[in-house]
Amino acid sequence: MAKKRERLDVIRDILLAIRENRKIKPTRLLYASNLSPQMFKEYIDELLGKKFIVSEMDENEKKFFVLTKKGNDFLNEYKVIEKFVENFGL
């Protein structure tokens, strides 16, 4: 059985999907995050509240998400933590 993702891993996965696409529509991000719609909404609300991402509208009034500087900084720091843990074999 596959290991359950930790909360920070889910947040990292969501932020990485946004960064890789520069901007991403909610449905596409839902599929990329591999979460239930309810859990997806909870994570998105948290990331919006903490200003890791922002919600914007394109010229066709379609909603999409964009990574903020704070969200990008989180990903960079998370990478440092991952390397630290890996170096100590944890």
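This is a predicted model: local features need pLDDT of at least 70, side-chain atom pairs count only at pLDDT 80 or more; totals for chains, interfaces and linings use all residues.
## Overall layout

The protein chain has 90 residues, and buried residues make up 32% of them. Its secondary structure comes to four helices and three strands. Read from the N terminus on, these elements run in the order α-β-α-α-β-β-α.

Along its principal axes, the C-alpha trace spans about 50 × 30 × 20 Å. Among contacts between residues at least 6 apart in sequence, 50% join residues at least 24 apart.

## Helix α1

Helix α1 has 15 residues. From its first C-alpha to its last it reaches 22 Å, close to the 21 Å expected at 1.5 Å a residue. The buried residues of α1 are D9, V10, I11, R12, I14, L15, A17 and I18. What covers these buried residues includes the strands β1, β2 and β3 as well as the helices α2, α3 and α4.

R12 is one of the buried residues of α1. R12 counts as buried because its relative accessibility is 18%, and the cut-off for buried is under 20%. Leaving aside residues up to four places away in sequence, R12 touches L75, Y78 and E82.

## Helix α2

The buried residues of helix α2 are L29, L30 and S33. They cover an arc of only 105 degrees around the axis, so they sit on the same side of α2. On the other side of the helix, R28 and Y31 are exposed.

The cover over the buried residues of α2 includes two helices, α1 and α3, and two strands, β1 and β3.

## Helix α3

Helix α3 takes in residues 37–49, which makes 13 residues. The distance from its first C-alpha to its last is 18 Å, close to the 18 Å expected at 1.5 Å a residue.

Within α3, the residues F40, Y43, I44 and L47 are buried. Their arc around the axis is only 100 degrees, which puts them on the same side of α3. The face turned away from this buried side carries the exposed residues Q38, K41 and G49. The buried residues of α3 pack against the helices α1 and α2 and the strands β2 and β3.

## How α1 and α3 meet

Two packed helices are described by the angle between their axes and the distance between the axes. For α1 and α3, the axes come within 11 Å and cross at roughly 75 degrees. The two helices are therefore roughly perpendicular to each other.

On the α1 side, the contact is made by R7, V10, I11, I14 and L15. On the α3 side, the contact is made by Y43, I44, E46 and L47. By type, the residues of this contact divide into seven nonpolar, no polar and two charged. Residues Y43, I44 and L47 of α3 take part in the contact and are also buried.

## Residues with a positive phi

Most residues other than glycine have a negative phi. R22 follows α1 and has a positive phi, near 65 degrees. R22 is found in the loop between α1 and β1. R22 is exposed, with a relative accessible area of 71%.

N34 lies in the loop between α2 and α3, and its relative accessible area of 65% makes it exposed. N34 and D13 are 21 residues apart in sequence, while their C-alpha atoms are 9.3 Å apart in space. K51, which follows α3, has a positive phi near 65 degrees. E61 also has a positive phi, near 65 degrees, and lies in the loop between β2 and β3. E61 is exposed, with a relative accessible area of 60%.

Technical notes
Residues are numbered from 1 along each chain as its sequence is written. Side-chain values use heavy atoms; hydrogens and water are left out. The expected span of a helix is 1.5 Å times one less than its number of residues. Buried means under 20% relative accessible area, exposed over 50%, partly exposed in between (1.4 Å probe, protein chains only). The arc is that of the directions from the helix axis to the C-beta atoms. Contact means heavy atoms within 4.5 Å. Axes are lines fitted to C-alpha atoms, for helices over the stretch in contact, and angles run from 0 to 180 degrees between N-to-C directions. Angles under 35 degrees count as roughly parallel, over 145 as roughly antiparallel, 65 to 115 as roughly perpendicular and the rest as oblique. Ala, Val, Leu, Ile, Met, Phe, Trp, Tyr, Cys and Pro count as nonpolar, Asp, Glu, Lys and Arg as charged, and the others, Gly among them, as polar.
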